[in-house]
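Here is a short tour to read alongside your viewer. Have the model open, and we will go from single residues to the whole chain and back.

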Amino acid sequence: EIHIKEPIEKEVNPHLLPGELLLCEASTVYKYIQEDGSNRGTYGKLVCTNFKIAFLDDDSTSDDNEPQFKNKIVGENDITLQCVDQIYGVYDEKKKLLTGQLRKYPEKLIIYCKDLRVFHFCLRYTKEEEVKRIVSGIVHHSQTPKLLKRLFLFSYASAAPNNTDGRNQTVMFDTLEDWRDELERTKGNVKYKAVTVNEGYRVSEKLPLYFVVPICVSEESILKYDGRGIPIWCWSCHNGAALLKMSAFPKEQDDITSQTQKAFLDGIYKTISKAPYELLKTDDLSSSLPSLQDIQTAYTRFKQLFLIDNSTDFWTTDVKWFSLLESTNWLEIIRRVLKKAIEVAECLERQHTNVLLIEESATDLCCVISTLVQVMMDSYSRTKSGFQSLIQKEWVIGGHGFLDRCNHLHKSDKEEAPVFLLLLNCVWQLVQQYPPAFEFTETYLTVLSDSLYVPIFSTFFFNSQHQKDTNTSGESLKTQSGPFRFLTVWDWSVQFDPKAQAFLNNPLYAEKPKPDKSQRKTARFKHQRQLSLPLTQAKSSTKRGFFREETDHFIKNILGKRIGKFINSSDEPPSSFREFYDSWHSKPVDYHGLLLPRIDGPEIKVWAQRYLRWIPEAQLHGGGTIATAAKILDLMEEVRSLQVKMDEEHSQAVSGDVHSVPLLRNSARLSSLFPFALLQRQSIKPALPTSTWKDLEDEDDLVKRDDEFVDLSGDMP
């Protein structure tokens, strides 16, 4: 049986942004609402522009179905070309990856997105010529290599009026004054100086125009090796200890060159180890952290757990959830990165030692660790504007290669690695462990991760400040007389109206330091796919999975056999680290002081909102963090209205400058997928989701023991 909406009668045209051009389209395309075997869906038009792939149906024109958290740039059925991960065609029920020229055109198109959405389009009812045009157009424009100037970023910048409200209090670090202000804020200006030696990029195209070095480092030293081997300042601690980073020399050099470089480094180290500088500890991140290739491999495996084709796939993997999650190694990488950040924080905070992070280019893992250390140690970095300024300083101006690491131009898969996503995953761990310490929410982090693939902002689409500056000139385009005026992602009004932006701000942010007297407890929900690996089988987390209650305990112990160990943590932390870690966690938390993430076993969790938000089977009806947020926002609205009434009674007119709080829809329509999706029809969980369940049918006596612990330790290898 096929449940469909009739093909649309009226013409539906896509909403085009300035500079956006319609390239190809196909009518009578059938989009499956949910691939669960029921074939429910709707007819519409599939279009491809130089910015996005979009599906238009009659709902696209009605305002009634608009989500409350509406993105003004990218709609619910829009996929930016940079957000397309892989495209598959279905031929006679067989999936085939589509790349390059196609000899035969599929009857069904499946698009996997980098934000983990999955779209299924049926082309059986579409004209053959239109199928050829739309499929080849989508594959060509989203999968083939392109030139930088062909990005929609440039089309939009040349056509859009630049009337946004500016920088939004975010420090951009593109002027000398910004660096001097930061030195003054952190009281690092006694020992460190902002330099202009790279003006005109005469030292290196990889370095920013302005940066900070120790006062004792001369201009000649900086020029000698194109900025390599020079300690560059990141941040100063309250006690004077500083976090520095350095671009390492290439390892494969001839003996004479390597000896000269070693002598140069020794001289630099001696200079910055003398008073007034603290003792120096160096840390080569390339040997102490996973490689970029390891990170890419782990994330590729990890994301496959959430790119679900249909309900059957979901329930099939649910029984194997723990072992699949562990085998990706993604949570272990997050744990190792957080552990490294704690080690650096210990050196700065307790040992009063300068830390010099070393990496080949100092623009990948250096960015991750330096950002995390500042988020953990500097409460300013936990405000929204402070965090945005930090990303600008360490990543955008710091020279992280967003263009290559996100593979926006599809030029080389070898350079691709989700380094920035790794950072956001680590920051999310802190946000969910210490919510009152952050002015922003997990929704803010999720939206920020989505913005990586929206090419109207320049923030995440260049490899360096030099690359941006050299491509800002519009002289090569005949229609463009002056330089391009790119938007920054930090102006959230471009994507969201004020009501939607309210979801990015934490209403329970502790603005003033207060001792934490109450014991914080993590909310636990009844039906939630367990998002962390249990420490041992006997001490598993109390979260329940999607299993029925009567079988829940039994199945978890079956799974306990497979992962009754610590998460791959072969490297036992040194005693000084453990002492520092345990000592801090034994005291009440100061939300405006040092924050150390909990990294043992099940404390490292899956970022549920980002990874599960498009999967109806994973939703918690009326649950998730939004259940709390809904109550808080409703309460805030009630307090505000009461305040207005009190002011009216005292004849004190209230000015219009009142923060608007979003009025949430009926809570019956909310689920843990909100604000990205409203309540969706949930597929019925099969009574026996896999053959594993069938094999257990004879174990009725065990299945019926609801709360009894079944000891399987004797069967463990």
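K340 counts as buried because its relative accessibility is 8%, where buried means under 20% relative accessible area, exposed over 50% and partly exposed in between (1.4 Å probe, protein chains only). This is a predicted model, in which local features need pLDDT of at least 70, side-chain atom pairs count only at pLDDT 80 or more, and totals for chains, interfaces and linings use all residues. Residues are numbered from 1 along each chain as its sequence is written, and side-chain values use heavy atoms, with hydrogens and water left out.

**The protein overall**

- The secondary structure amounts to 23 helices and 14 strands; these are DSSP runs numbered from the N terminus, with helices being H or I of at least four residues and strands being E of at least two.
- Of the 717 residues, 56% count as buried.
- Among contacts (heavy atoms within 4.5 Å) with a separation of 6 or more, 73% are between residues 24 or more positions apart.

- K340 lies in helix 10 (residues 330-349).
- The side chain of K340 makes a polar contact with the side chain of S288 at 3.4 Å; a polar contact is a pair of N or O atoms within 3.5 Å, where within protein one must be able to donate a hydrogen and the other to accept it, and residues adjacent in sequence count only if both atoms are side-chain atoms.
- Leaving aside neighbours within four places in sequence, K340 is in contact with D283, L285, S288, L289 and I369.
- L331 is also found in helix 10, and it counts as buried because its relative accessibility is 2%.
- L331 and S532 are 201 residues apart in sequence, yet their C-alpha atoms are 8.2 Å apart in space.
- Not counting residues up to four places away in sequence, L331 touches L325, L531, I604, K605 and V606.
- H352 lies in the loop between helix 10 and strand 14 (354-359), where its phi is near 50°, a positive value in a residue other than glycine.
- H352 is partly exposed, with a relative accessible area of 41%.

**Helix 1**

- The 16 residues of helix 1 (residues 128-143) should span 22 Å at 1.5 Å a residue, which agrees with the 22 Å between its end C-alpha atoms; the expected span is 1.5 Å times one less than the number of residues.
- The buried residues of helix 1 include V131, I134, V135, I138 and V139.
- An α-helix has 3.6 residues a turn, so residues three or four places apart point the same way.
- Strand 1 (22-32), strand 2 (41-49), strand 3 (52-56), strand 5 (84-91) and strand 7 are among the elements that cover the buried residues of helix 1.

- Helix 12 (residues 384-396) is mostly covered, with 13 of its 13 residues buried.
- T383 caps the N-terminal end of helix 12, with a side-chain oxygen 3.0 Å from the backbone nitrogen of G386.
- N471 sits in helix 16 (residues 465-472) and is buried, with a relative accessible area of 15%.
- A polar atom of the N471 side chain lies 2.8 Å from the backbone oxygen of Q467.
- Not counting residues up to four places away in sequence, N471 touches L148, K149, F154, F462, F484 and F486.

**Backbone features in other loops**

- The peptide bond from A275 to P276 is cis, with omega near 5°, and P276 lies in the loop between helix 5 (255-273) and strand 13 (280-284).
- N407, in the loop between helix 13 (402-405) and helix 14, has a positive phi of about 55° although it is not a glycine.
- N407 is buried, with a relative accessible area of 5%.
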